Amino acid sequence: MSEPVCVGELLPGLVAEAIARAGPGYERWAEQVAATGYCVHPVRLRGTVEQADPLTGEVRTVYATDREPDATLLKACGNRRASVCPSCSATYQADSFQLLAAGLRGGKGVPDSVAEHPRLFVTFTAPSFGQVHSRKAQGLLVFPCHPYRQGQTCPHGRRAGCWQRHDGDDPRLGEPLCLRCYQAGAQVLWNALAGRLWSRTTIYLYRALAQLAGMPEGELRALVRVSFAKVAEYQKRGAVHFHAIIRLDAATDCGCPACVVPPPAGFTADLLEQGVRQAAASVAVPCPVVEEDQRVTLVARWGEQLDVRHITEAGDENELSAEQVAGYVAKYATKATEALGVTLDHRIGAEDLEELERPAHVAELIRACWELGARPGLARLRLRKWAHMLGFGGHFSTKSRRYSTTLGALRRARVAYAIRRRRGNTLPLDAWGRPEDDQAVIVVASWRYLGRGYQSTGEAWLAASAAARAREERRIAKEELRTMTMTAA
């Protein structure tokens with residue numbers, strides 16, 4: 001969300017729009033803006049909420065937008081991407097943190113005993129598709145990117161390496177040393193198959209655990225269950241990799257999160273780590289036929305870099321705490337291609353290919369999606385549809401059913417809390433003055449979509465100013481709470 005600017009710097013038309021909005025009805029409009037969490041692109045709705053008595057058939061209106069400013073109700077857009085709406089993405093990130101943390105330490109309907117289960121934080125990476133500029137460091141020592149012999153070149157006449165010691169913010173990071181040598185087509189195919197590769201990994205993990213435990217897979221599945229939550233992240237080179245929380249539970253008849261119990265003795269975090277490493281090394285997904293005369297079957301596999309960390313009560317140098325992992329994973333739940341230095345938040349059509357204002361490497365990957373997407377054998381991958389995601393069409397954040405609560409449950413709890421806070425201790429009544437808890441009425445809501453975003457630039461400026469003030473108030477409140485906590489300690 002943009003920061004507020006001085007009124008004197010605005011155009012006269014914008015000043016007039018802001019003054020018009022600040023007239024009658026401004027306080028209620030400001031309340032709606034605050035209720036959306038200062039959404040950048042709120043949804044504008046018009047309609048009514050009615051209650052019907054099923055015994056008498058009488059219908060009464062309990063809410064109508066006719067009494068609102070501009071006869072409009074503002075609702076948050078709910079977009080998870082920070083590049084689209086920072087306020088809604090902050091809410092999504094906070095919900096994701098609570099969801100992930102509940103599966104690691106309990107709460108939100110999950111028993112506290114999950115903190116004693118074997119838990120791992122695993123990062124699955126893509127294989128290499130060619131040399132790219134990278135930063136290699138050990139402590140304060142930064143190594144050359146790709147050392148090579150003087151005068152050595154690639155088949156296309158470019159230098160075969162790079163002696164630069166890149167900074168962390170070097171824009172060349174992730175770019176291929178030679179665009180023509182880099183296998184852009186193979187990378188977008190791998191991105192497209194990454195979701196299937198993960199799904200098959202969860203199956204192979206059971207097989208690996210059964211082999212390590214010395215029992216048939218069916219017997220193992222009767223003893224333990226694997227729960228997980230993962231998010232996808234783009235590397236600088238444009239390849240997707242997954243950050244996954246993997247937890248081992250005992251097999252129970254009920255698959256809800258409230259019924260999870262620790263696994264039997266012998267199923268430790270070390271055994272789970274061995275199973276993950278064995279599954280990641282052996283799993284493969286066949287790629288659809290690329291060429292009609294293709295004689296070999298291409299397969300997608302994980303890269304050699306597999307990072308496995310144990311999650312403990314208090315993380316140390318080699319282990320992580322539940323809060324650290326939940327915060328790290330939730331951070332990537334609101335991101336997409338931002339790690340590439342560009343934001344691709346809309347689909348790309350054929351007319352956009354000629355004028356791609358993107359880095360050369362990203363543009364090459366997008367063109368590879370369009371070229372491969374035209375081949376009949378790859379039609380099911382829908383590469384052209386997902387060209388703006390560099391071929392990846394899977395969900396960025398997924399979890400197993402028994403891992404923890406759901407985002408929907410967290411949202412319903414937040415709405416219920418907001419209603420209780422607004423009404424206080426008063427008993428909510430229906431249109432006939434009866435307690436709503438009796439469920440004696442039927443609620444009928446009728447809404448009409450008017451559009452998205454504020455109706456004028458002046459309104460958007462007023463909303464941005466209010467959002468800046470709210471952020472400052474939250475910052476001051478956090479500092480005061482931190483100071484009071486330190487003083488009490």
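## A walk through the cores, a pocket and the cysteines

Let's start with Cys287, which is buried at a relative accessible area of 9%. Keep in mind that this is a predicted model. Cys88 is buried too, with a relative accessible area of 8%.

Cys287 isn't in a disulfide either: its nearest cysteine sulfur, in Cys369, is 13 Å off. The count of disulfides comes to zero.

Now for the nonpolar cores. The largest one has 66 residues, and Phe124, Trp190, Phe242 and Trp302 are the ones with the most contacts inside it. The biggest giver is α4, which supplies 14 residues.

Setting aside residues up to four places away in sequence, Phe242 touches Val122, Thr123 and Phe124, then Ala194, Gly195 and Trp198, then Lys230, Val231 and Ala232, and finally Trp302 and Phe392. There's also a second, separate core, made of 21 residues, with Leu99, Leu320, Val325 and Ala333 among them.

You'll find Leu378 in the loop between α8 and β13 (397–399). Although Leu378 belongs to a loop, this residue is buried, with a relative accessible area of 1%. What is Leu378 in contact with, leaving aside neighbours within four places in sequence? The answer is Leu189, Pro288, Val289, Val290, Leu372 and Leu383. Compare Leu378 with Gly195, one of the residues that Phe242 touches: Leu378 and Gly195 are 183 residues apart in sequence, and their C-alpha atoms are 16 Å apart in space.

Last stop: the second largest pocket, which holds about 660 Å³ of space. Its lining takes in 22 residues, and those nearest the centre are Val132, Ser134, Gln235, Arg237 and Gln305. What classes of residue make up the lining of this pocket? Twelve are polar, five are nonpolar and five are charged.

Terms used:
Residues numbered from 1 in each chain as written. Predicted model: local features only at pLDDT ≥ 70, side-chain atom pairs only at ≥ 80, totals over all residues. Heavy atoms only, no water. Disulfide = S-S within 2.5 Å. Buried < 20%, exposed > 50% of the residue type's maximum accessible area, 1.4 Å probe, protein only. Core = buried A, V, L, I, M, F, W, Y, C linked by side-chain atoms within 4.5 Å. Helix = DSSP H or I, 4+ residues; strand = E, 2+ residues; numbered from the N terminus. Contact = heavy atoms within 4.5 Å. 1 Å grid on protein atoms, 1.4 Å probe; cavity = no way out; pocket = protein on both sides within 12 Å on 5 of 7 lines; lining within 4 Å. Points joined across faces, edges and corners; volume = space filled by probe spheres on them. Nonpolar A, V, L, I, M, F, W, Y, C, P; charged D, E, K, R; others polar.
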